[in-house]
Amino acid sequence: MESITVLYIIIAAIAALGIVVFQYLYKQKAKSKINLLLAFLRFIGVFGLLLLLVNPKFSQKTYTLEKPNLVILADNSSSISENGAELNELMSSIGASDKISDRFNVASYKFGTGLEVLDSLSFDEKYSNFHKSLSALKNIYSREQTITLLLSDGNQTIGEDYSFFKSNESNAINTVVLGDTTLYKDISVGPILTNKYAFLKNKFPLETYISYQGKVAVSATVLVRMDNKVVHREKVELNADVNLKTIAIQVNAISVGTKNIRVEVTKMQDERDVNNNVRSTSIEVIDEKTKIALVSDILHPDIGALKKAIESNEQREVSFLKPNTANNLEDIDLFIFYQPNAKFKKLFDFVKDRNSNSFVITGIQTDYNFLNRSNLGFEIENGYPEQEVFGLLNNGFSKYDIANFDLTDFPPLLSDAGPVLITTAFEPLLGTQIKGKDIQQPLLTVLEQNSNKKALLLGENLWKWRVQTYRNTGAFSNFDEFIANLVRYLTSSKNKTRLNVDYEKIYEGSNNTIITATYFDEAFLFDPNAKISIKVTDTKTKNTQTSPMILKNGYFEADLSNLIAGNYSFVVSVENYQKSETGSFVINEFNLENQFVSSDYLKLEKLATNSGGKLYYPSQIDELISDLEENDTYVPTEKSTENIVSLIDFEILLAMIVFAFASEWFIRKYNGLI
């Protein structure tokens with residue numbers, strides 16, 4: 001307490017005493033005991049009030065015993081299931097120690113994909129993420145003295161490598177290795193890398209690897225099956241030095257549908273675990289050939305060049321049509337009109353009524369009057385002479401990437417078209433150059449109106465460009481890819497359905513089987529109040545389950561992680577909305593946790609060493625408990641806390657003041673004093 005405060009208290013006492021003397025003792029002839037009592041009570045009351053005005057502050061110390069934390073982190077993944085009884089026994093032994101409970105604040109957690117408070121162990125987690133769980137504990141106990149005890153087999157399936165985990169200086173990590181640490185002879189199949197989709201009659205790549213653990217040389221046969229039919233067979237030779245063999249093949253997609261792919265390696269003699277000798281995946285083979293009609297009333301080399309360029313992609317099919325054709329038009333995805341004239345009117349009307357995409361190519365035999373009357377979004381002046389026109393690449397073209405198209409030494413096209421007036425949204429792909437001058441007119445342009453797409457080329461003799469491409473590069477790919485990209489753009493369309501469903505065709509295990517959906521109202525605004533449900537059917541057993549889709553942040557989600565491996569179809573529907581979306585998917589039977597044959601004690605040892613801890617084996621449980629009980633590094637510490645408390649916070653002083661004044665008033669009234 002400061003000296004000035006002490007002085008104020010003394011002054012307050014003198015002032016209170018002066019008031020009392022003046023009121024009760026000064027000029028009082030008879031000093032009775034009642035007067036003395038009243039004087040005392042008045043002194044207490046006045047002095048208390050003056051003390052409140054001075055408000056002196058006092059320091060108050062409290063002492064607490066702070067224990068270090070003992071965090072038990074138990075592995076709850078399926079790879080530890082065979083050692084579950086041993087893990088529970090270890091935890092019971094640690095929990096039975098009174099010295100440990102007296103010395104530490106004990107907290108228990110379990111982990112698999114993430115960190116959870118331990119209530120019970122099920123050993124059903126399909127993934128183990130050590131680094132994520134250790135990082136979470138690091139944040140929780142960042143400012144406290146903590147010792148972590150990790151009970152695991154050390155086999156990690158997802159996340160960063162935990163052996164390099166950096167703990168806080170005050171947090172040591174001790175590890176206990178569970179399971180068999182013996183290095184058994186083992187051969188296994190690695191992850192299968194392939195596409196999710198393949199086109200019919202195309203080849204798709206498939207890549208995996210065969211790994212070997214052992215000292216002696218072995219020979220094994222690798223089989224790749226698609227729908228139980230062997231599509232590839234290969235013999236591999238492995239030893240202690242060459243313990244990895246990559247399998248990279250091309251597989252033919254010969255039929256449509258979801259294809260189950262299985263890669264297996266033959267079992268070795270005395271091999272302990274054969275679960276990892278097989279890996280499976282699936283791929284969907286689709287037949288989505290784009291059908292393109294090339295309509296012409298004349299014979300011209302351009303027609304053959306366009307067909308070759310377009311069909312360089314096997315998923316496109318070109319058919320030749322005459323202008324008077326009226327049958328089998330509904331399946332056409334794109335119409336290419338080559339030098340149209342009045343005979344094309346019926347086809348033009350069909351395309352307009354159907355809102356189909358089209359590509360118009362003009363030349364010296366084009367009827368421009370007919371084109372201008374057809375209301376295609378552009379008008380071309382006619383009456384101009386034949387002239388040679390060169391193409392200029394528009395580097396600012398934004399619809400798709402054309403940077404790889406090379407026009408070097410390309411010969412001119414022949415055109416008699418005049419200036420073109422385009423009355424809808426357009427973007428030039430190629431400009432026009434005549435006699436070395438850019439005339440600021442498009443040679444090739446794309447037009448868009450709502451969902452309809454068109455392209456317009458004002459020149460013939462494209463076949464010369466394809467020939468020049470071969471002269472320049474020894475292949476036709478430069479020209480063919482240019483035409484292919486244009487056709488891809490013209491045959492694409494925007495999805496404007498109100499209900500959209502997003503899902504994977506193939507899920508590796510059921511752990512992440514998630515299907516999402518978005519639903520829009522009639523104004524195409526997201527509707528968060530929609531009631532969306534999903535009905536899932538097992539195609540083999542015909543069992544169904546229906547559940548609501550849960551609203552997340554801007555979408556609806558269905559978590560189907562409870563499904564077992566198999567083939568499923570589903571229907572997503574919206575209440576009070578007639579349209580629904582259907583689909584199918586495959587859940588492959590695969591558990592990464594079952595791929596391990598022994599415990600990874602080396603990583604656990606590295607983790608313990610890097611964090612100042614120690615590696616233990618289950619047989620050393622007594623040594624572990626003894627270290628926890630006797631180690632002087634982690635002991636309870638007594639901490640003092642000093643609080644500065646104002647006098648006004650003492651409620652007893654307020655009570656004394658009230659009691660003093662109340663008692664004085666009551667005694668005076670009782671004795672008839674004024």
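## Charge

The protein chain carries 68 positive and 82 negative side chains, counting Lys and Arg as positive and Asp and Glu as negative, with His and the chain ends not counted. The centres of the two sets lie 5 Å apart, each charge being placed at NZ of Lys, CZ of Arg, CG of Asp or CD of Glu.

## Model and conventions

This is a predicted model, in which local features need pLDDT of at least 70 and side-chain atom pairs count only at pLDDT 80 or more, while totals for chains, interfaces and linings use all residues. Residues are numbered from 1 along each chain as its sequence is written, and side-chain values use heavy atoms, without hydrogens and water.

## Overall form

The protein chain contains 13 helices and 37 strands (DSSP runs: H or I of at least four residues, E of at least two, numbered from the N terminus). Its radius of gyration is 43 Å, well over the 26 Å that the globule rule gives for 674 residues, so the chain is more spread out than a compact globule. The radius is taken over C-alpha atoms, and the rule is 2.2 Å times the number of residues to the power 0.38. Along its principal axes the C-alpha trace spans about 145 × 80 × 55 Å.

## Nonpolar cores

The largest nonpolar core has 38 residues (buried Ala, Val, Leu, Ile, Met, Phe, Trp, Tyr and Cys joined through side-chain atoms within 4.5 Å; buried means under 20% relative accessible area, with a 1.4 Å probe and protein chains only). F359, L429, W465 and L486 have the most contacts inside this core (heavy atoms within 4.5 Å). Helix 10, residues 477-491, gives the most to this core, with seven residues. Apart from this core lies another, of 26 residues, including V218 and M226.

Key:
Buried < 20%, exposed > 50% of the residue type's maximum accessible area, 1.4 Å probe, protein only.
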